[in-house]
Amino acid sequence: DEIIEIHPEIDRVDIKGQAVLFESALYAKLPDDISEPLALAALDVAGAPAQTAKLVKPGQSVLVLGGAGKSGTLVCYEAMKRVGPTGRVVAMDGVDELLKLGVCHKAFQASAALPVDVLEKALAANDGKEYDVAICCVNVNNCEMSAILPVHDGGIVYFFSMATSFTK
């Protein structure tokens, strides 16, 4: 109904209005002891690991683009739990940090805007095999093909980014 204040430094807009939630949407009733900024920070990335839990199965190979960010790190962690001992999680970005945390099996550095480079490095990190699932947490434009190309026909590509162009 009304924009009250815009906070560009934290990507937030205070409004007066109402939201429409679909039956499949995630939502939570906030306890009194959790501040709104803390809740928004947590819920901002909650959808990606929740979807990962639904999509990833034991034994699968999973590619996480943008693994170093908040959502990417949580997706890696959730994917590691889901793939079990016979699966593999590979992350793009955050090589040292993610390997040190133990939330992926392998990691590589690449620009998501360069799909052929991502494809080559992603396949090399997965012993030349295409992936069952790719989850894109990269928040930059033109990374759609980098998520799609390393996945085999019939595999799953999940885009968790406001920068995603679904028409591409």
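The chain contains 5 helices and 7 strands. The radius of gyration of the chain is 17 Å, close to the 15 Å that the globule rule gives for 168 residues, so the chain is as compact as a globular protein of that length. The model is a predicted one. From the N terminus on, the order of elements is β-β-α-β-α-β-α-β-α-β-α-β.

**Overall dimensions and surface**

- The C-alpha trace of the chain spans about 50 × 30 × 30 Å along its principal axes.
- Of the 168 residues in the chain, 37% are buried.
- The accessible surface of the chain comes to about 10,300 Å², and carbon and sulfur atoms account for 57% of that surface.
- Among contacts between residues at least 6 apart in sequence, 50% join residues at least 24 apart.

**The N-terminal hairpin**

- Strand β1 (residues 2-7) pairs with strand β2 (residues 12-16) in the antiparallel sense, over 5 bridges.
- Within this pairing, E5 has D14 in β2 as its bridge partner, and H7 stands opposite R12 in β2.
- The hairpin of β1 and β2 has 4 residues between the strands, and D11 in this hairpin takes a positive phi near 55 degrees.

**The parallel sheet**

- An open sheet is formed by 5 strands in the order β5-β4-β3-β6-β7, with parallel pairing.
- Strands β5 and β7 (151-159) stand at the edges of the sheet with a single partner strand each, so one side of each is left without a neighbour in the sheet.
- From one strand to the next, the twist averages 20 degrees.
- The parallel pairing of β3 and β6 extends over 4 bridges, and L63 stands opposite A134 in β6.

**Helices lying across the sheet**

- Helix α2 (residues 70-83) lies across β3, β4 and β6, and the helix runs at about 165 degrees to β4.
- Helix α4 lies across β3, β4, β5 and β6, and its direction is at about 160 degrees to β5.

**The two faces of helix α4**

- In helix α4 (residues 115-125), the buried residues are V118, A122, L123 and A125.
- Viewed down the axis of α4, these buried residues fall within an arc of 155 degrees, so they line one face of the helix.
- An α-helix has 3.6 residues a turn, so residues three or four places apart point the same way.
- The exposed residues V116, E120 and A124 are carried on the face of α4 turned away from its buried side.
- The cover over the buried residues of α4 includes the strands β3 (61-65), β4 (88-92), β5 (106-108) and β6 (131-136), together with helix α5 (144-148).
- Just after α4, D127 takes a positive phi of about 55 degrees.

- T52 lies in helix α1 (residues 36-55).
- With a relative accessible area of 0%, T52 is buried, since the limit for a buried residue is under 20%.
- Residues up to four places away in sequence being left out, T52 touches V75, E78, A79, R82 and I135.

- I148 belongs to helix α5.
- The relative accessibility of I148 is 35%, and I148 therefore counts as partly exposed, a class that lies between the limits of 20% and 50%.
- When its neighbours within four places in sequence are set aside, I148 is in contact with V157 and F159.
- I148 and L40 are 108 residues apart along the chain, and their C-alpha atoms are separated by 30 Å.

Definitions and conventions:
Residues numbered from 1 in each chain as written. Predicted model: local features only at pLDDT ≥ 70, side-chain atom pairs only at ≥ 80, totals over all residues. Heavy atoms only, no water. Buried < 20%, exposed > 50% of the residue type's maximum accessible area, 1.4 Å probe, protein only. Arc of directions from axis to C-beta. Contact = heavy atoms within 4.5 Å. Pairing = 2+ DSSP bridges. Axes fitted to C-alpha atoms, helices over the stretch in contact; angles between N-to-C directions. Rg over C-alpha atoms; globule rule 2.2 N^0.38 Å. Areas by Shrake-Rupley, 256 points an atom, 1.4 Å probe, with all protein chains shown as cover.
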